[in-house]
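Hi,

Here is the structure I promised to pass on.

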Amino acid sequence: MRRRIFATFLLAAAGLFALAVPAQAASGVLVVNGVPYEDPQRGCYPATSPVSVENFTDSTVLVHAAADCQGPVTAEVEPGQSAGTFGGSYFVA
């Protein structure tokens, strides 16, 4: 009986864990300042200003005015869009 309860608990925990873990990469190609990145990992990246972004991924890209994704967002580049702006970093959502 204990084994059955424990097995049920493990199965439920595994199911919750699978639902809680988000995807780790955007699908597609992101071009930043002419450099293509295939399936970029989600997160913050440094950039040199001015920043040119061509977003061929399934995720939004936010360009920030300062390094480490600090400061105001200077551009929000939706999937399939392009933008040119100033900034010190960008975030792949």
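The protein is a predicted model with an average pLDDT of 85, and 75% of its residues score at least 70. In case the term is new, pLDDT is the predictor's confidence in each residue, from 0 to 100.

Some ground rules before the details. Numbering starts from 1 along each chain as its sequence is written, and side-chain values use heavy atoms, with hydrogens and water left out. As this is a predicted model, local features need pLDDT of at least 70 and side-chain atom pairs count only at pLDDT 80 or more, while totals for chains, interfaces and linings use all residues.

Now the overall layout. The protein has 1 helix and 8 strands, and from the N terminus on they run α-β-β-β-β-β-β-β-β. Helices (H or I, at least four residues) and strands (E, at least two) are DSSP runs, numbered from the N terminus. Of the 93 residues, 27% are buried, where buried means under 20% relative accessible area, exposed means over 50%, and partly exposed lies in between (1.4 Å probe, protein chains only). Among contacts between residues at least 6 apart in sequence, 49% join residues at least 24 apart.

Next, the sheet. Four strands make an open sheet in the order β3-β8-β5-β6, with antiparallel pairing; two strands pair if DSSP finds at least two bridges between them. β3 and β6 are the edge strands, each pairing on one side only. On average, neighbouring strands of this sheet are turned by 20 degrees against each other, direction ignored. That angle uses axes, which are lines fitted to C-alpha atoms (for helices over the stretch in contact), with angles from 0 to 180 degrees between N-to-C directions.

With β8 (residues 89–92), β5 pairs in the antiparallel sense over 4 bridges. Valine 61 has valine 92 of β8 as its bridge partner, and histidine 64 stands opposite serine 89 in β8.

Not counting residues up to four places away in sequence, threonine 85 touches Pro50, Val51, Val63, Thr74 and Ala75. With threonine 74 there is also a side-chain polar contact of 3.3 Å. A polar contact is a pair of N or O atoms within 3.5 Å; within protein, one must be able to donate a hydrogen and the other to accept it, and residues adjacent in sequence count only if both atoms are side-chain atoms.

Finally, which cysteines form a disulfide? Cysteine 44 and cysteine 69 do, with their sulfur atoms 2.1 Å apart, against a cut-off of 2.5 Å for a pair of cysteine sulfur atoms. The bridge links distant parts of the chain, 25 residues apart: cysteine 44 sits in strand β3 (residues 43–46), and cysteine 69 in the loop between β5 (61–64) and β6 (73–77). The torsion about the S-S bond is about 110 degrees, so the disulfide is right-handed. Cysteine 44 is partly exposed at 37% relative accessible area, whereas cysteine 69 is buried at 14%.

Cheers

Terms used. Contact means heavy atoms within 4.5 Å.
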